[in-house]
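Here's a quick briefing to read with the structure open beside you. Have a look around first, then work through the topics below.

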Amino acid sequence: MKLGKSAAATDPGRRRRLNEDAYVCEPPLFAVADGIGGAQAGEVASELAAATLRDDAGSDGGDGRQRVDSLIQQANRRVYERQTQDAAVSGMGTTITVALVEDGFVWIGHVGDSRAYLVRDGRLEQLTEDHSLVAELVRSGKLSPEEAESHPQRSVVTRALGTDPDVDVDTFSVEAKPGDLFLLCSDGLTTMVDDSTILEEIDRHRDDLRAAAKALVRAANRGGGEDNITVVFFELESGERADERTVTLPPAQEGPAEDDDTLDELDRVEPIRVDGEPRRVPQRHPVRRKVLLATLAALLFLLACAFGGWVLWRSHFVGAESDGHVAVYQGIPWNVVGHVKLYRTVYVSPLLSAQLSQGERKKLFDHSLRSKSSARAELRRYEEQIGR
Ligand code: MN
């Protein structure tokens, strides 16, 4: 069995100017990194991690697992050293998902919420587990997978490369079969495109991985393109000779995608129905009774609204903005019907979520509702610690 073709594509998406994703597509080594941190720091982190993998790929020692692990540890050290020495990129970090093909096995090493998938026998299987807040909430049963998909905090990672001197890496291997297709990607693909669409696009372009990579980028942009999108493919085939062909797309040259023709989400809100109107009315004052009931229903409705509003106004929770800054939100951490939010940002901290330890992130982002002053006080504690 041989490593067959490979291809990669990356694109900033439709909402971001910078592309903070980086990738490696140098058979037999492949990787995707998604940088975290404000003001270009994310770009530095992901590129530094990718460069470390490329530089050290040739160094041998150990089996596939040890090599993948030591590549990632080395990348972690480089990013960590850089961010502790250079204030401009302090707090930066990156996800990393690495695949190394060796003797019929694909060794995967993984930190963060980028993903590795295997397409085998017409099925798409997610190989990696996301190290993200929402994935943890789903695993502990606090959130359904459907809720996780539209969750406002879905980009908060609980494990990242470069934020601590040591990093806990998931490593495992897959015994490859001829015809296997592996996909590494950043969350800019998977938050915008569902599994069945990914599989459809792959089926449609299975003979041309470059076209498949482009098609997935296009699909993510059609789905909103809210984040940078990176896709790396490689396949395994039977036979003697490796027919490698790596195609790299220049970033940001996709034509403007057709406009979303999504309906306004408000169109989907069910009308409120007031039950309780008598059907047969053998009453003496049917009209008066009707008016009374309607008034009562309206009053109850107003009361419910007022109570809902009061809950929203009182509740605060801690989360992170999409650029990685920790923030305090007023409301409750859910989206109802798509884009209608039940929360708003009331405070953005200079603190980056990547500057917190894994335990601190877990504790701070647990989504328990609290008063504004207690949320601010808790954040201030961390801000002072980091500021020191
Ligand atoms: Mn991303």
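This is a predicted model: local features need pLDDT of at least 70, side-chain atom pairs count only at pLDDT 80 or more; totals for chains, interfaces and linings use all residues.

A residue is called exposed when its relative accessible area is over 50%, and buried when that figure is under 20%. Keep those two cut-offs in mind for what follows.

**Surface patch**
- Phe-307 has a relative accessible area of 53%, so this residue counts as exposed.
- You'll find Phe-307 in helix α8, which covers residues 286–314.
- Together with Trp-310 and Trp-313, Phe-307 makes a nonpolar surface patch of about 410 Å².

**Manganese site**
- Which residues supply the protein donors of the manganese ion? They are Asp-34, Asp-187 and Asp-227, each through OD, at 2.1 to 2.2 Å from the ion.
- Read along the chain, the spacing of these donors is D-x152-D-x39-D.
- Asp-34 and Asp-227 tie together distant parts of the chain, being 193 residues apart. Asp-34 belongs to strand β3 (residues 29–36), while Asp-227 sits in the loop between α7 (209–222) and β11 (229–237).
- Is Asp-34 buried or exposed? Its relative accessibility is 8%, so Asp-34 counts as buried.
- Asp-227 comes out at 11% relative accessibility, so Asp-227 is buried as well.

**Cysteines**
- In general, a disulfide is a covalent bond joining the sulfur atoms of two cysteines.
- How many disulfides does a search of the whole structure find? The count is zero.
- Cys-25 has 10% relative accessibility and therefore counts as buried.
- Cys-185 is at 0% relative accessibility, so Cys-185 goes down as buried too.

**Aromatic rings**
- Searching the whole structure turns up six aromatic pairs.
- One of them is Phe-317 with Tyr-343: the ring centres are 6.0 Å apart and the planes are at 70°, so this pair is edge-to-face. For that label, the planes have to be over 60 degrees apart.
- Phe-317 and Tyr-343 are both buried.
- Phe-30, Phe-182 and Phe-234 come together as one aromatic cluster.

Notes: Residues are numbered from 1 along each chain as its sequence is written. Side-chain values use heavy atoms; hydrogens and water are left out. Donors are N, O and S atoms within 2.8 Å of the metal (3.2 Å for Na, K and Ca); water is not among the atoms, so sites may look incomplete. Helices (H or I, at least four residues) and strands (E, at least two) are DSSP runs, numbered from the N terminus. Buried means under 20% relative accessible area, exposed over 50%, partly exposed in between (1.4 Å probe, protein chains only). Patches are made of residues with over 30% relative accessible area and no salt bridge: like charges are joined within 9 Å, nonpolar side chains (Val, Leu, Ile, Met, Phe, Trp, Tyr) within 5 Å. Accessible areas come from the Shrake-Rupley method with a 1.4 Å probe; for residues, only the protein chains shown count as cover. A salt bridge is a side-chain nitrogen of Lys or Arg within 4 Å of a carboxyl oxygen of Asp or Glu. A disulfide is a pair of cysteine sulfur atoms within 2.5 Å. Rings of Phe, Tyr and Trp (its six-membered ring) pair if their centres lie within 6.5 Å; planes under 30 degrees apart count as stacked, over 60 as edge-to-face and the rest as tilted.
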